[in-house]
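Please look over the sequence and the model below before reading on. The paragraphs that come after are meant to be read with both in view.

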Amino acid sequence: MAYLERILGEHPFFAGLDDEHGRLLAGCARNRRFAAGEYLFREGEAADEFYLIRHGQVALETLVPGRAPLVIATLGEGEIVGASWLLPPYRWMFDARAVTLTRAIGLDAACLRGKCEVDHHLGYDMMKRFLPVVVKRLHDTRLQVLDVYGDD
Amino acid sequence: MEPEPRARTTALIDRRGLQALIEALADEGYRVVGPTRRDDAIVYDDLADLDDLPAGWTEHQEAGRYRLVARDDQALFGYAVGPHAWKRFLHPPVETLWTAQRDEHGLTFRSPEPAEERFAFLGVRACELQAIAIQDRVFLEGPHVDAGYGARRREAFIVAVNCGEAGGTCFCVSMQTGPRAESGFDLALTELLEADRHDFLVEVGSPAGAALLERLPHRKAGGADHRAADAVVARTASRMGRELETQGLKALLQDNPEHPRWDDVAERCLTCGNCTMVCPTCFCTTVEDHSDLAGTRAERVRLWDSCFTLDFSYLHGGSVRQSPRSRYRQWMTHKLASWIDQFGTSGCVGCGRCITWCPTGIDITEEAAVIRATAPQRRDP
Amino acid sequence: MSMATTDPRAAGPAPFVPQAYRVEEVTRELADTVSLRLAPLDGARPDFRPGQFNMLWAFGVGEAAISISDVETDGSFVHTVRAVGAVSGALAGLEVGTRVGLRGPFGTGWRVAEARGADVVVVAGGLGLAPLRPAIQALLADRARYGRVAILVGARSPETLLYPEALAPWQRRPDVEVLVTVDHAGADWAGRVGVVPGLVPRAAFDADDCVALVCGPEVMMRFTVAALRHAGVAAERIHVSMERNMKCAVGWCGHCQFGPAFVCKDGPVMRYDAIADLFSIPEV
């Protein structure tokens with residue numbers, strides 16, 4: 001089994017992936033490494049890659065005029081970075097900065113979208129993996145918005 | 001177990017005997033309290049003699065309505081219950097819990113001296129005996145004991161009266177708390193008012209009751225007297241103004257916190273708290289702290305409170321129960337359901353006070369019946 | 001009618017009457033939060049179980065239920081108080097040497113010993129770390145008797161993280177996993193940003209054999225319980241600490257009712273399965 005195919009299958013996001021799909025996805029994958037402080041992507045850029053974090057920590061940030069960047073969320077080992085690659089106009093909505101040295105698998109978005117379109121079984125499998133993550137983040141964001149710890 | 005009523009010592013006294021009872025209790029140092037007419041209602045207050053009892057009066061009670069009406073006889077106990085309950089003596093509306101004194105050396109807390117007062121309650125109805133037993137569980141049978149309540153309760157002498165008249169909002173039969181006093185009294189009376197006599201069948205419920213009876217002019221009660229007393233109670237039992245189906249009631253309420261009827265009742269409920277004030281078992285309180293201007297002396301006072309106030313459930317940031325709907329639901333569900341989880345009995349004794357004294361005539365028996373009739377069927381477990 | 005049973009407890013100490021304590025030390029924890037170290041003026045501090053609370057009384061202002069957040073070997077209680085109302089504001093403003101009233105401890109505690117042999121997940125949100133700190137101390141003092149220990153801590157922001165001086169040594173221990181997250185942070189915060197329930201899948205514990213202790217704002221506890229349940233933790237092995245209005249602390253005033261429970265005596269620490277049905281009903 002090819003190296004990329006193996007580490008792809010070891011990532012929690014792809015737990016239980018069948019071999020056929022693993023081979024297809026590995027064709028879109030590459031290894032990525034981001035030094036601390038380096039950006040995976042910036043707001044407004046083309047969302048052309050989807051990341052599976054293997055090691056390290058990534059902060060999703062946004063700029064507020066007159067203030068230091070605000071961190072919306074941090075993502076770590078075993079998590080995924082990026083949703084905007086899935087939907088037009090394929091532009092990032094936030095900055096993603098490596099807080100520490102971060103190793104990831106990058107999946108080429110156009111390649112991935114193309115394979116999902118051709119093989120709907122693959123596409124459906126991807127959706128079943130992707131949607132729970134998105135929904136969980138939506139719930140977390142709602143809880144964050146509630147500001148449950150009160151005024152400071 | 002209490003003995004069967006028939007196994008109890010009984011005797012017959014007349015009005016003179018009742019007067020002697022009041023005098024004997026006062027003579028023993030009791031503060032004698034019982035029903036008397038005041039402010040167009042029958043309330044519980046000090047009794048000096050027989051004339052203080054509301055002879056010849058009865059009440060008409062309906063949802064949101066209470067009127068005194070003259071009877072065509074001179075019955076002394078020819079009514080059900082008014083706005084007062086005995087809790088106002090055992091669990092008073094205002095009670096100092098402690099005082100604190102602060103000086104340069106320290107801070108000292110002092111409990112108030114226990115009151116010398118011993119109460120004799122005359123005219124306690126069967127439902128009210130149960131109400132007292134229910135409050136005993138709250139204040140005496142948990143991990144902590146309310147010493148003030150305990151002292152008042154221990155010292156109290158209780159003369160029960162079996163009801164000869166059912167109120168328009170009574171449902172003690174449904175709650176299995178009356179109309180006959182079965183236990184929890186020193187003496188129990190049944191008023192026997194016939195064309196040629198005005199007597200009271202006396203049942204002895206305790207050694208203290210037996211001793212007191214010995215001091216009263218009394219005569220032997222015969223079979224006819226017992227049958228007459230039974231008939232009085234049986235007639236009252238057959239004339240209940242309300243009924244409440246208790247079968248499955250606890251689960252019904254606990255399973256239906258979102259029933260639309262709660263919204264309906266909230267349209268009518270003023271959240272005034274009258275029901276909780278007149279209820280003989282409602283025990284909730286709040287506290288107030290008072291201090292002098294010099295900042296050397298403070299005291300803490302306990303006051304009756306009501307779960308109908310917004311403040312009752314206040315937690316930093318707001319009240320847990322904001323809506324009238326949730327507050328009525330809390331009261332009724334507590335009374336008829338969660339009380340059973342907490343204390344092993346229903347919190348309702350069927351006295352009907354909450355119905356009578358509700359300014360908008362909300363009827364707990366009706367609310368329960370509507371929820372029962374319209375609740376979705378319970379799923380099988 | 002004298003009661004059928006004579007009651008020997010009637011002679012016991014009146015639970016309403018406080019004992020006088022002296023403020024020995026005031027530590028500012030957060031902008032609106034201080035810790036008070038309180039020592040009894042007479043006699044010894046009563047025993048307590050982690051998770052219990054005391055009623056603290058500020059002269060002339062009133063009384064509030066405050067959880068016990070630490071004890072000192074000199075026989076004092078530590079209470080962490082956030083100024084949110086008249087009474088807590090007065091308590092948070094006390095100076096060293098002031099006398100206060102204290103009665104307690106009251107309520108149920110964390111069933112720390114029940115977790116022996118199992119993994120333990122402690123989840124604290126905001127000031128919820130205060131009543132959990134004695135439980136964590138008890139766990140760590142007897143560390144060998146437990147499986148893996150994970151401490152998950154959430155706060156609004158890095159500035160409002162409680163007890164950083166206590167967290168640091170826990171974080172250094174190799175036998176404890178401490179995960180900290182904040183809801184909001186600037187880019188200068190190198191730690192996690194995200195809600196505390198999100199830490200649950202990141203912690204290492206055996207969902208089939210663990211005990212979870214959860215304390216924080218009620219919404220945070222609901223989300224955390226959902227995350228724990230999703231991870232496979234049984235409802236009866238999740239313990240939460242509830243908060244309600246309290247006046248008497250012994251089940252007589254009625255204010256703290258939460259369904260059939262009196263939070264003051266059946267809680268504050270309650271097993272989740274006992275209250276699961278009530279947890280999501282509004283205004284119970």
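Predicted model: local features only at pLDDT ≥ 70, side-chain atom pairs only at ≥ 80, totals over all residues.

The interface of chain C with chain A can be described in some detail. Chain C brings 28 residues to the contact and chain A brings 25 residues, and the area buried between these two chains is about 2,100 Å², with carbon and sulfur atoms giving 55% of that area. Two salt bridges are counted between chain C and chain A, one of them formed by the side chains of A:Asp147 and C:Arg156, with an N to O distance of 2.8 Å. The same interface holds eleven residue pairs in polar contact, counted where both residues have pLDDT 80 or more. On the side of chain C that touches chain A, the elements giving two or more residues are β8 (149-155), β10 (185-186), β11 (192-193) and α4 (218-231) of chain C, and α4(C) provides the largest share, three residues. Sorted by class, this side of chain C has 13 nonpolar, nine polar and six charged residues.

Strand pairing also crosses between these two chains. Strand β5 of chain A, residues 70-76, pairs with β10(C) in the antiparallel sense over two bridges, and A:Leu70 stands opposite C:Gly186 within β10(C).

Seven of its seven residues are buried, so β5(C) is largely enclosed by the rest of the structure. In a regular strand the side chains alternate between the two faces of the sheet. Both faces of β5(C) are covered, with C:Ser76, C:Val78, C:Thr80 and C:Arg82 buried on one side and C:Phe77, C:His79 and C:Val81 buried on the other. Strand β2 of chain C, residues 33-40, runs antiparallel to β5(C) and is joined to it by six bridges, among which C:Thr33 has C:Arg82 as its bridge partner. Strand β4 of chain C, residues 62-72, also pairs with β5(C) in the antiparallel sense, over four bridges, and C:Glu72 stands opposite C:Ser76. β4(C) and β5(C) form a hairpin with three residues between them, and C:Gly75 in the turn has a positive phi of about 90°.

Which residues surround C:His255, leaving aside its neighbours within four places in sequence? This histidine is found in the loop between β13 (238-241) and β14 (257-258) of chain C, and it counts as buried because its relative accessibility is 2%. C:His255 is in contact with B:Thr285, B:Thr286, B:Asp305, B:Phe312 and B:Arg321 from chain B, and with C:Asn245 and C:Lys247 from chain C. A polar atom of the C:His255 side chain lies 2.8 Å from the backbone oxygen of B:Thr285.

Chain A, finally, contains an open sheet of four strands in the order β1-β8-β3-β6, with antiparallel pairing. β1 (29-34) and β6 (80-81) of chain A stand at the edges with a single partner strand each, so one side of each is left without a neighbour in the sheet. Within this sheet, β3 (residues 49-55) and β8 (residues 102-108) of chain A run antiparallel and are joined by six bridges, with A:His55 standing opposite A:Arg103 in β8(A).

Key: Residues numbered from 1 in each chain as written. Chains lettered and ligands numbered in written order. Heavy atoms only, no water. Contact = heavy atoms within 4.5 Å. Buried area = accessible area lost by both parts, 1.4 Å probe. Salt bridge = Lys/Arg side-chain N within 4 Å of Asp/Glu carboxyl O. Polar contact = N/O pair within 3.5 Å; in protein donor to acceptor, adjacent residues only side chain to side chain. Nonpolar A, V, L, I, M, F, W, Y, C, P; charged D, E, K, R; others polar. Pairing = 2+ DSSP bridges. Buried < 20%, exposed > 50% of the residue type's maximum accessible area, 1.4 Å probe, protein only.
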